[in-house]
Amino acid sequence: MNAAAGWLLLIAQLPTEDPAARMRVLRTLESLGAAVIREGAYLLPFTPGNQQSLEALSDYVAKGTGTAHVLQASAASPAQHEALARLFDRSARYESLIKTVESLRVSFGHSDPAAISRVLHKQQREFDAIAALDFFPTQTQTRARQALAEGETEVRKLLFPNQAKASIDTSQRLLRRTWATRKPLWADRLACAWLIRRFVDPEAKLLWLEKGTAAPDEAVGFGYEGAPFGNTESGVTYEEMLARFDLARNAALARIGTIVHFLEVRGDPVPEAAGVQTLLQGAVRRSADENELLREAEKTFDLLYEGYG
């Protein structure tokens, strides 16, 4: 974002006789990443999305017993713009995350790799949350992303030493790639995308294709007929990926595979499948697009992996 983009200012007198409504407004502002100028004055960089969110919040306040106005403004000078931008500096949170990830290296070779992997996954979710509200990214964000990617690579070698030795050429070819599947996304395609990001290609770019659309030449396709990774006579694409990447010996990943298999093609009942189905259906309903849907689904698969691990 640059100075020309401008700022949005919410001036609000929040309801005092309705603590629940007041708290809802404050929590919404926090979730948007708004900076507090003073009590009743909240700042966000101008984007259409931020404007829409603040106007909706203003309407909510006005329908109660408070008042609120959304103003668009610009900084009086470049120096003032820089001063306002510093209110949104996320460097300290990134530095804390980097410190946590780097401290895990001391445990490599001594602690359970699966336990280290679970901590890394939590840090990845924390990174995603910070980055979503990082309006002015700096090199600190890049350093944090790199620290997570390097940690994932090292832990993956500990988790799957045989794969690292036997499939090093394949792994190199499948790093930092574009992976493509077709809409709509459901259990198998979502589980495959989660598996790719967590265990195969942490820096993968995911592409969601409309039905009948061909994948780009450089993309690795999965989860549809004719893709390099697809269903087999006995299993769904997720199970095929486990076998191809020598991950099927990981009991937690294999257990998740039984749930995905049942949700896609039925077969032997799996007790946890009904609960996972409900969570994924909720994610489908609440998500605005495929990227948001994957983020919601990743939380479910992360929790399953931690529980089974």
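What follows are my entries, starting with the ground rules.

**Ground rules**

This is a predicted model, where I take local features only at pLDDT of at least 70 and side-chain atom pairs only at pLDDT 80 or more, while totals for chains, interfaces and linings use all residues. Residues are numbered from 1 along each chain as its sequence is written, and side-chain values use heavy atoms, with hydrogens and water left out.

**Overall**

I counted 13 helices and seven strands; these are DSSP runs numbered from the N terminus, helices being H or I of at least four residues and strands E of at least two. The C-alpha trace spans about 60 × 40 × 40 Å along its principal axes. Of the 309 residues, 44% are buried (buried is under 20% relative accessible area, exposed is over 50%, partly exposed is in between, with a 1.4 Å probe and protein chains only). I also looked at contacts (heavy atoms within 4.5 Å): among those between residues at least 6 apart in sequence, 73% join residues at least 24 apart.

**Salt bridges**

How many salt bridges are there? I get 14, taking a side-chain nitrogen of Lys or Arg within 4 Å of a carboxyl oxygen of Asp or Glu as the rule.

I looked up R125 and E306, whose side chains form a salt bridge at 3.6 Å, N to O. That pair links distant parts of the chain, with R125 in helix 5 and E306 in helix 13, 181 residues apart. R125 has a relative accessible area of 25%, so I log it as partly exposed. E306, at 18%, goes down as buried.

Next came R198 and D302, with a salt bridge at 3.0 Å, N to O. R198 sits in helix 9 and D302 in helix 13, so this pair ties together parts that are 104 residues apart in sequence. R198 is buried at 4% relative accessible area, and D302 is buried at 1%. I then noted that R125, R198, D302 and E306 are linked in a network of salt bridges.

For a local case I picked E240 and R244, whose closest N and O atoms are 3.3 Å apart in a salt bridge. Both lie in helix 10 (residues 237-244), four residues apart, which is about one turn of the helix. E240 is buried at 19% relative accessibility, whereas R244 is partly exposed at 43%.

**Strand 5: T181 and R182**

T181 is in strand 5. Is T181 buried or exposed? I read 0% relative accessibility, so T181 counts as buried. Its side chain reaches the backbone oxygen of F222 at 2.6 Å, a polar contact (N or O atoms within 3.5 Å; within protein, one must be able to donate a hydrogen and the other to accept it, and residues adjacent in sequence count only if both atoms are side-chain atoms). Leaving out residues up to four places away in sequence, T181 touches R189, L207, W208, L209, F222, G223 and Y224.

R182 is also in strand 5, which covers residues 178-182. The R182 side chain does reach the backbone oxygen of T213, at 3.2 Å. With residues up to four places away in sequence set aside, R182 touches several residues, including R189, E210, T213 and Y224.

**Loop: P202**

P202 lies in the loop between helix 9 (187-200) and strand 6 (205-209). At 26% relative accessibility, I put P202 down as partly exposed. Apart from neighbours within four places in sequence, P202 is in contact with E152, L175, I196 and R197. I checked P202 against F135 too: they are 67 residues apart in sequence and 23 Å apart in space, C-alpha to C-alpha.

**Largest pocket**

Which residues lie nearest the centre of the largest pocket? I noted Q124, D128, R145, R197 and A204, out of 19 lining residues. Helix 5 (113-132), helix 6 (139-159), helix 9, strand 6 and helix 13 (290-308) each give two or more residues to that lining.My pocket rule uses a 1 Å grid over the protein atoms alone: a pocket is an open set of points where a 1.4 Å probe fits, with protein on both sides within 12 Å along at least five of seven lines, and lining residues have an atom within 4 Å of a point.
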